[in-house]
Amino acid sequence: MKVQRVYTDTSVIGGCFDPEFALWSNALVHDFQLERLRLVLSDAVALELVGAPERVRQKYAELLTYQPEVLTTSREALELAALYQERGILTPKYATDGLHIALATAAGVDVVVSWNFRHIVHFEKIRQFNAVNLEAGYKPISIHSPREVATDLEDRNNEEA
């Protein structure tokens with residue numbers, strides 16, 4: 001069975017330390033550690049983490065030990081992200097959110113995970129991103145929260161039942 005490639009944005013890494021999101025973010029990290037899912041990061045994630053708290057940067061360093069696929073911002077991704085802005089999906093203030101989606105789309109990643117419910121994991125935004133993706137010749141991309149993707153907790157719950 002093909003291992004799903006999962007683009008993980010910055011919110012998921014920070015979510016490892018947030019009481020509301022830690023359970024699911026850490027379950028997803030465990031899935032990456034066990035190679036149940038293939039971690040995909042990007043230079044955009046690394047750039048966003050430059051000013052992050054030390055423990056978040058340490059979690060990112062840990063993720064790098066899992067030998068993730070790291071995407072580099074390309075002209076192709078920048079052009080797709082610009083299309084998202086032209087279509088009014090995101091404003092220039094949130095350009096990096098669009099860049100995360102564009103990087104994952106251009107690389108043919110299976111799913112994007114994020115805790116950003118305003119600009120990324122949002123029903124209408126997902127429809128809009130995928131409309132642009134199809135128009136530009138890309139396949140649609142799945143966008144979910146870690147709660148919908150992490151398998152580690154599902155396995156634990158099945159073992160307890």
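Helices, of at least four residues, and strands, of at least two, are DSSP runs numbered from the N terminus. This briefing concerns a predicted model. It covers a loop residue, Ser145, placed between strand E5 (142-144) and helix H8 (146-149), then the largest nonpolar core, which has 50 residues, and finally the packing of helix H5 (residues 75-86) with helix H6 (residues 95-106).

- Beyond its neighbours within four places in sequence, Ser145 makes contact with Val113, Ser114, Trp115, Phe117 and Val121.

**The nonpolar core**
- Within the largest nonpolar core, the residues with the most contacts are Tyr7, Ile13, Leu28, Tyr84, Ile101, Val112 and Ile143.
- Val112, one of these, touches Tyr7, Ile101, Ala104, Ile120, Ile141, Ser142, Ile143 and His144 when residues up to four places away in sequence are not counted.

**The packing of H5 and H6**
- The axes of H5 and H6 lie 8 Å apart, at an angle of about 130°.
- H5 is therefore oblique to H6, and the crossing of the two helices is right-handed.
- H5 contributes Glu76, Ala77, Leu78, Leu80, Ala81, Tyr84 and Gln85 to the contact.
- H6 contributes Ala95, Gly98, Leu99, Ile101, Ala102, Leu103, Thr105 and Ala106.
- The residues of this contact comprise 11 nonpolar, 3 polar and 1 charged.
- Tyr84 of H5 and Ile101 of H6 take part in the contact, and both are listed among the residues with the most contacts inside the largest nonpolar core.

Methods: Residues numbered from 1 in each chain as written. Predicted model: local features only at pLDDT ≥ 70, side-chain atom pairs only at ≥ 80, totals over all residues. Heavy atoms only, no water. Axes fitted to C-alpha atoms, helices over the stretch in contact; angles between N-to-C directions. Parallel < 35°, antiparallel > 145°, perpendicular 65-115°, else oblique. Left-handed = near helix turned anticlockwise from the far one by under 90°. Contact = heavy atoms within 4.5 Å. Nonpolar A, V, L, I, M, F, W, Y, C, P; charged D, E, K, R; others polar. Core = buried A, V, L, I, M, F, W, Y, C linked by side-chain atoms within 4.5 Å. Buried < 20%, exposed > 50% of the residue type's maximum accessible area, 1.4 Å probe, protein only.
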